[in-house]
Every structure is written in C-alpha cells, then in structure tokens.
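Dear colleague,

I am passing on the structure below for you to look through. My notes on what was found in it follow directly after.

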Amino acid sequence: MEWFLQQLINGLALGSIYALIALGYTMVYGVLRFINFAHSDVLMLGAFSAYYVAPAIEKVLPLPSVLGALVIILISTLICAGIGMLIEFLAYRPLRNRPKLTVLITAIGVSLFIEFTCQHKSVFGADTKPFPQLLPATDFHVLGLIISSNDLLVVFITAILLTALWFIVQRTKMGTAMRAVSFNQQAAALMGVNINKIISFTFGLGSALAAIAGILYALKAPGIEPLMGVQPGLRAFVAAVLGGIGNLPGAALGGLLLGLLETFAGGISGLSNYRDGIAFAILILILLFKPAGLLGKATIEKV
Amino acid sequence: MLEIDHLEVSYGSIRALHGISLKVPEKSIVTLIGGNGAGKSTTLRSISGLIKVRAGNVRYDGQDITNKPAHEIVARGLCHVPEGRMVFANLTVMENLHMGAYLRKDRAGIASDIEYAFTIFPRLKERISQLAGTLSGGEQQMLAIARALMSKPRCLMLDEPSLGIAPILVRSIFDQIVAINKERGLTILLVEQNANLALSISHYGYVLETGSVLIEDTAEALRKDPQVRAAYLGG
C-alpha cells in the first residue's frame, strides 16, 4: 500500500509535466494538423530562460522563494511564448498552403537547428549546468511516504493551468475561435476570424505551457543542457497520441497515464531498467484497440 | 452594390473563370445558374476572398476589394454562406451563432439578432445547446444562414442553399431568404442548381457556362427564354 501510494505520487508529478507538454503538441495539431517537433526545444528554452533570468531576479528578490520563483517562471513563460510565435511566423507560416509533409520536415529541421545552435559554446554550450534552486524544497513525511514539496507543487500548478486552459478554450471568444479554426479554417475566415492571429495565439499558449513544464522538469532533473527536451518531448508526443491527438483532455489524460505507467514499471524491483519498454508496450496495446487514442474520435477523411 | 469586372480565376493551369462580369444592385436578389463546373461557386469564392483572383476586379460599395483577405471582406458587410454549409460541427448552435458575430462588440445587438435568428428559424432554438454536427442537413443550412446574418451583413452570398436538403425544408428556407431581402433590405447573390426555384424568387439572373456569362436578363425573361428553358428548367 505504501509502495503503491508513493509510486502514485511520483507518477502524478511526472505525468503532470508530460501533460503540460502534450497539450502544446495537441493544440498545434488541432489548428494546423502537423506535429511541431520544435515544441520539445521550447521546453528546453524555458528552462534556460529561467537559468539566465534567475541571477537578475536574485538581485531584487530573495531566492529560493515562492515569489521569486513565480516572477522567474512568468518572465520565462513570456519569453518562450514569444519564441513559439516567432518559430511559427518564420518557419511554418510561409508553408501554410504546402503539403503537411513539408511542414513536418521543416519542424524537424527547426528542432535540430535549435538544439545544435544552443550546444555551441557561444550560446549555451553542450555541458550540463546545475539548475538553480528556485523554491524552498522540503520533504514531507506522511504515513511513511516521502512527498517532496516540488512534486506537490508540480501537481498543483498543473491542475491550475489545466483549469485555466479549459476556461480559455471553452469559455472565451478566442477559445471558441480556436475551436472554429481547428474545425474549418475557411469557414472561420468567413466569420471574420484572422486565422494567422489565432494560429499565433495557439503557438504562444502552447509554448508558454512548455516553458512552465521545462522549468518544473528542470527542478527535478540533475541539471539542464540543450538536449534535455528530447526525452520528455518524445514522451509527451506519445502521450498526446495516446489521449487522441487534437483532443485537449486526451493530452492531459495521456500525459498522466504515461507518467504513472513509467513510474510504476520503474518501481518494480528488477524491472526498473525495462520501465520504458513496459510503458511503451502497454501504449502499443492500447493503441491497437483504440487507434484514435483514448478520447479521440475516429474520423472519416472526407473526399 | 457589388460589381464584378472581367474576373479571371485559375486552379493551377486550369482556367476556371474566363472574365466574368456581373452586377448586383442594392436590395435585389440576383441569381447565378448553370451546370456543374460552370464557375458559380468559384465566382462566390473569389468575391469573398477564399481564392485568389488572377485578373479583373471586385468592387463592393464603390471600393475595390479584389484579393483582400476573407476576414476583411466580412468586416465590410459582405458575407458568404459557402457550399456544403460549413457549420462548425464541433461547436454548439449557440456557439456557431456567436462565431457569426465574431467581429461585433455590441452585446445587446448580438442578443437581439440571435432572437431574430430564432424567429425566422424556430428549429434552431430547440437545438440551441446541441452540437451543430448533430443537426440535419436542412437545420445546418438554417444555422449557416443564421450565422451569416449574425455578422450584420448588407449583402449575403448563398451557395447552393437547397443542396442535399429535404424538399419540404427547401421551400421554407427560400421563403426566409425572400423575407430577409424584403424585411431587412439585404442584397442577395444566390447560386443555385435548382434554377426554377432560384429564378422564382430573384429579380435578375445570369446563366454561366464553362466560366463565362452565357445569357443575362431579368428573372422573368430568363424563365421564358426557350434556350434557358431547354437547358436548365427542364423544358
């Protein structure tokens, strides 16, 4: 029982991060029908933004502190929202009416470009850097469980962000326009919607979530380096597909599920080396029976 | 109100419109008839900014709107109800109507226009919180027209409003089109396969064939024209 609860908490914390990243993949897929592979690099840029912003903030606010951390997260989030919009504007917008495969390959190109530019010694360098302690960390010992305050915070922040995102998408004019654009761009344009503005907003929103996920991930990781986004990014992509690509609750569910699977598989003694294998085998099984993902609807291609 | 001068449109190397010219006077109903591939939908799509025009120009309210982006053209009060209705299947009926009012900020005006939409299409009120994808074809067409009216257009372009709709609903939709024209003073440019029906409610008509205007005349005269009768009105 203790073991189970402990893995549950660890899994939820990891899954929350996957969920935040997966939302970005699924939102972009929703409006543009392609996978933005550079999304995982925005996550990395989020962590690096915080890394470079932190010393400046420390001059004004004490660190580690909740307020200091919030300010750093906010600034990094804004930077990354801008980067996400810039990537869309420079790399994807000129290809708007090209085949999706062209855009997909461009996305891989953008991703590699960011990763390897950032590894250059005049940018971030390829070495692993220690991530600053932004928050006062304590471990709570409850009922024989060890719960770190960081893990609690990750779950808490994710819950707030998911609620906020749900509100934006379901209850605001911008969100309704996003859903309209995702269904039919031409029809949305005929309503007076500026499609480019909505797509830009979608990239900004997804990148902001990725930045926060990147910082939360960095808080748990031993350090940060330019390729740190690849692993969580790949998993979050899988999570988005698992939940049903294009479906927001699906991305959140897929992320949590993947985090839990990975943690539980890793927690079984003797199996920890196989945890990815086990987690992904279960995923393949799920997708065999639900090819459109857990919450995705099987759609019929219209001809 | 709407003037099209020598409009040319190509899809790749295929020429779809070979210099079409037409005029839609204020507060009139003008119809475009013609067979498949005559260029009727292409004409509407190039006016509303969905496709690029190669040559010629479109003037609305005395201003050149050729090749302006679609969202700017709606803002000028020219709204296009596209073929196949294109309602947002993933949004509710109410959300669809609000999307129609996307560019408006007058909450009171929007609310009263939604009420107006429900008086002309009472079925929509019954389905207010249903997803638009669950509506029947006829109901979707009603929603598409109501949604377009929400943008407060002065000119409405309707593409095949009778397509794939139960005959009993077609009549009621066409009655509402006439009512919108008479009561609200909306100018209407109608594209329709059902030439008989379209000419019966129109003031003026153009017969298109392979991307050119073949004949133009008052709707009255077109209905009597032997050539038009033979080709489009079933003799």
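In chain B, strand E1 (residues 2-11) and strand E4 (residues 55-60) run antiparallel and are joined by 5 bridges, where strands (E, at least two residues) and helices (H or I, at least four) are DSSP runs numbered from the N terminus, and two strands pair if DSSP finds at least two bridges between them. Within this pairing, Glu3(B) has Arg59(B) of E4(B) as its bridge partner.

The model is a predicted one, in which local features need pLDDT of at least 70 and side-chain atom pairs count only at pLDDT 80 or more, while totals for chains, interfaces and linings use all residues. Residues are numbered from 1 along each chain as its sequence is written, and chains are lettered from A and ligands numbered from 1 in the order in which they are written.

The open sheet of chain B has 4 strands in the order E2-E1-E4-E5, with antiparallel pairing. Strand E2 (14-24) and strand E5 (63-64) of chain B each have a single partner strand, so one side of each is left without a neighbour in the sheet.

Chain A, by contrast in topic, has 11 helices and 2 strands, which follow one another from the N terminus as α-α-α-α-β-β-α-α-α-α-α-α-α. Its C-alpha trace spans about 60 × 50 × 40 Å along the principal axes of chain A. Of the 303 residues of chain A, 47% count as buried (20 or more other C-beta atoms, placed from the backbone, within 10 Å of the residue's own).

Best regards

Key:
Buried ≥ 20, exposed ≤ 12 C-beta atoms within 10 Å, placed from the backbone.
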